Amino acid sequence: MKQIPNLFTLLNLLFGCLAIVCIMQTGLTLAPQPDGEDLVMIPERIYMASLFIGLAALIDFFDGFTARLLKVSSDIGKQLDSLADVVSFGVAPGLIAYQFLRLCFAQQENGLDINALWLLPALLLPCAGAYRLARFNIDTTQRNGFAGVPIPAAGLLVASFPLIYWNTSQLWVVKLLLNKWFWYLLVVVLSYLMVSTLPMMALKFKALSFKKLWPFILLAGIAVAGALLIGWLTVPVTFIAYVILSLSLKLQES
């Protein structure tokens, strides 16, 4: 019984590893165009990495839920969970950002020969995520909320961009995701949000009252409405709403 939650955690890690395999097997390719030019692109199978990260997030919820249900929480389970999370929601999303940066530079003349130093900032994501998890593991005050954005939320945000890129009909979205400065800014902002001590609400139901549940109802409403109206773009919209709502709730309390 004790090992059931750990098996879920290892499944989370497995999905994270499969996401990395999908990302690293998607080298840039040249697609001939009617005008004789070659278009540099990432093969669409990178979106499979997004799906594996999504499955890892689902499993990440169930391992903690199972541990509480069976009352078999343990220190080794806590450490194992963090190790799995840093792979699934840190390393894998960081490599997605890395590949998109390559694609951004590939749109420029001689962009395929870009120095790798221009791509390394993407790896700030797993570094910031690892620091955030280490701090969380030794912090006994984060029971009713979080200090800094949880790494699964940041990882899911980055994982949504391949799905957005290949499923959007909005030209401005495509241009934004092919802009290297967007990715540099995203990496810096997400890394800061993870290592910061900004108060973020935990998505845990402690009481069945509207006063306690209205933030969750609002987020769920935004997610559902967004899914119907803007598709995968609802992920970054919901993420922004989560951050703003968390900060506004803290301001109301103070």
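This is a predicted model: local features need pLDDT of at least 70, side-chain atom pairs count only at pLDDT 80 or more; totals for chains, interfaces and linings use all residues.
C104 has a relative accessible area of 3%. That is under the 20% cut-off, so I note C104 as buried. C127 comes out at 52%. The cut-off for exposed is over 50%, so C127 goes down as exposed.

**Overall layout.** I counted secondary structure next. The protein has 9 helices and 4 strands. Starting at the N terminus, I read the order as α-β-β-α-α-α-β-α-α-α-β-α-α. Of the 254 residues, 45% are buried. I also looked at sequence separation. Taking contacts between residues at least 6 apart in sequence, 74% join residues at least 24 apart.

**Core.** Which residues have the most contacts inside the largest nonpolar core? I list F100, F161, L177, W183 and L190. This core holds 60 residues. Helix α3, residues 75-106, gives the most to it, with 12 residues. As background, nonpolar side chains in soluble globular proteins tend to be buried together.

**W183.** What does W183 touch, leaving out residues up to four places away in sequence? My list is A97, F100, L101, C104, V158, F161 and L177. C104, the buried cysteine from my opening entry, is thus one of the contacts of W183.

**α3 against α5.** I turned to the pairing of α3 with helix α5, residues 151-167. Packed helix pairs are described by an angle and a distance between axes, so I looked up both. The two axes come within 9 Å. They cross at roughly 35 degrees. The crossing of α3 past α5 is left-handed. By class, I get 15 nonpolar, 2 polar and 1 charged residues in this contact. On the α3 side I wrote down D85, V86, F89, G90, P93, I96, A97, F100 and L103. On the α5 side they meet I151, P152, G155, V158, A159, F161, P162, Y165 and W166.

**D60.** My last stop was an aspartate in helix α2, residues 47-70. Is D60 buried or exposed? Its relative accessible area is 15%. With the cut-off for buried at under 20%, D60 therefore counts as buried. I listed its contacts, again skipping residues up to four places away in sequence. D60 touches N12, D81, D85, F89 and P152.

Methods
Residues are numbered from 1 along each chain as its sequence is written. Side-chain values use heavy atoms; hydrogens and water are left out. A nonpolar core is a set of buried Ala, Val, Leu, Ile, Met, Phe, Trp, Tyr and Cys residues joined through side-chain atoms within 4.5 Å. Buried means under 20% relative accessible area, exposed over 50%, partly exposed in between (1.4 Å probe, protein chains only). Helices (H or I, at least four residues) and strands (E, at least two) are DSSP runs, numbered from the N terminus. Contact means heavy atoms within 4.5 Å. Axes are lines fitted to C-alpha atoms, for helices over the stretch in contact, and angles run from 0 to 180 degrees between N-to-C directions. A crossing is left-handed if the near helix is turned anticlockwise from the far one by less than a right angle, and right-handed if clockwise. Ala, Val, Leu, Ile, Met, Phe, Trp, Tyr, Cys and Pro count as nonpolar, Asp, Glu, Lys and Arg as charged, and the others, Gly among them, as polar.
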